[in-house]
Amino acid sequence: ILDDPNIDAIFIPLPNGLHFEWAVRAIRAGKHVLLEKPSVSNSTEAEILFNLPELDQPNGPVLLEAFHSRFYPSWALFRSLVDPAEVEHVETRSMIPWWASNKNQIHFNYGLSGGSMMAMGTYNLAALRLLFGESPEECVSCDVKAYTDGIHDKCDYEVKATFRFPNGGTGVASTTLMGETIIKPSWVTVKTKEIVVPSESLPAGQQQYQRRELTLQGLIHGVFWHRIDIKEINEIRSKDGQVVKRWEKKTSRKAYTWKEAGGEFADLPGETHWMSYRHQLEQFVNKVKGRKTQHWVEREDSIAQMKMVDMAYEKSGLGPRPTSSFR
């Protein structure tokens, strides 16, 4: 495939531990690469891969980490509703039920860079980082359940990791590959800091304050079902801090198409039946053909993602996934 001049682009859906080698081989062969997430096994590989000199050559290969959920309208709309400067706390969870998982799958092979944080968990970690608008300063805790035998050793099947971000906020990501019997949609909830809402209609000495809670149900596969719930919690307080009035406003939104997302997204191409993978492919082809892309995963973004994954694995005591010897 890599030697075939009729092939312009390669999709690499191999086990995580093989991503680095075959992405490097493809790029050196001049092929554009759509690389399944997580892009590589750890941040060492990410630094090498995303800084390959071939990528900076005129008309050089295009490299994109295939984080499909980030290309779907519901995620774009949800992010547009969140101001990173106002974020105080984010919590997110994903799961695969026990009956859909198996100890002998590649997810539980340490040599192939297995582990739940490398599977479903990478979506949750990315959600924290993107909603805070920056990388975490510290992984405060990382509680894992992991196998300890043979090729499965050091492979986590359940994780709960807490991170501290530069603005003082905290983020919690939970994932399991051995979850409950009934499938539950992935979700992310954002809680904002309290802000002052200017109002000229209030009596002197009174001020309106507002906090918001925003939840995206269906974080990963929004095409099947999703809902964005927005709760605004308002209080009017007197000068001495006494609550004069309190009320909540709840609304819900959805965005199966860009038109439904509205606003800045309304005129972007797409159909109701397009899955996130189709939206992602649209942008990949746009980049390959030199056209404008509306959404993208930048190189620095992919490197930051693997640094966050490494940070959690180091805190857990399991350690980062092994580095390929290929160069």
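Strands here, like helices, are DSSP runs, numbered from the N terminus; a strand (E) has at least two residues and a helix (H or I) at least four. Before moving on, note that this is a predicted model, in which local features need pLDDT of at least 70, side-chain atom pairs count only at pLDDT 80 or more, and totals for chains, interfaces and linings use all residues. Residues are numbered from 1 along each chain as its sequence is written, and side-chain values use heavy atoms, with hydrogens and water left out.

**Stop 1: the sheet**

Now show E1, E2 and E3. These 3 strands form an open sheet in the order E1-E2-E3, with parallel pairing. Two strands pair if DSSP finds at least two bridges between them. Strand E1 (9–12) and strand E3 (63–66) are the edges, each pairing on one side only. From one strand to the next, the twist averages 15 degrees.

Go back to Val33. Val33 also stands opposite Leu63 in E3. Strand E2 (residues 32–36) pairs with E3 over 4 bridges, in the parallel sense. E1 and E2 are joined by 4 bridges too.

Color the two faces of E1. Ile10 and Ile12 are on the covered face, while Ala9 and Phe11 are on the uncovered one.

H6 lies across E1, E2 and E3 and runs at about 155 degrees to E2. Axes are lines fitted to C-alpha atoms, for helices over the stretch in contact, and angles run from 0 to 180 degrees between N-to-C directions.

**Stop 2**

Select Lys37 and Pro38. The peptide bond between them is cis, with omega near -15 degrees. Pro38 sits in the loop between E2 and helix H2 (43–49).

Next, pick Asn59, in the loop between H2 and E3. Asn59 is not a glycine, yet its phi is positive, about 60 degrees. Is Asn59 buried or exposed? Asn59 counts as exposed, at 82% relative accessibility. Buried means under 20% relative accessible area, exposed over 50%, and partly exposed in between (1.4 Å probe, protein chains only).

**Stop 3: the core**

Select Leu49, Phe78 and Phe163. Of the 77 residues in the largest nonpolar core, these touch the most other members. A nonpolar core is a set of buried Ala, Val, Leu, Ile, Met, Phe, Trp, Tyr and Cys residues joined through side-chain atoms within 4.5 Å. Helix H4 (residues 121–132) gives the largest share of this core, 8 residues.

Zoom in on Leu49. Beyond its neighbours within four places in sequence, Leu49 is in contact (heavy atoms within 4.5 Å) with residues including Phe20, Ile27, Leu35 and Leu63.

**Stop 4**

Show helix H3 (residues 73–80). Of its 8 residues, 6 are buried, among them Trp75, Leu77 and Phe78.

Now select Phe265, in the loop between helix H5 (258–261) and H6. Phe265 counts as buried, at 9% relative accessibility. Which residues does Phe265 touch, not counting those up to four places away in sequence? They are Ala76, Leu77, Ser80, Trp258 and His295. Phe265 and Leu77 are 188 residues apart in sequence, but 8.2 Å apart in space, C-alpha to C-alpha.

**Stop 5: H4 and H7**

Finish with H4 and helix H7 (residues 299–316). Their axes come within 10 Å and cross at roughly 115 degrees. That makes H4 roughly perpendicular to H7, a term for angles of 65 to 115 degrees. Look at the contact: H4 residues there include Leu125 and Arg129, and H7 residues include Ala304 and Met308.

Definitions and conventions
Parallel < 35°, antiparallel > 145°, perpendicular 65-115°, else oblique.
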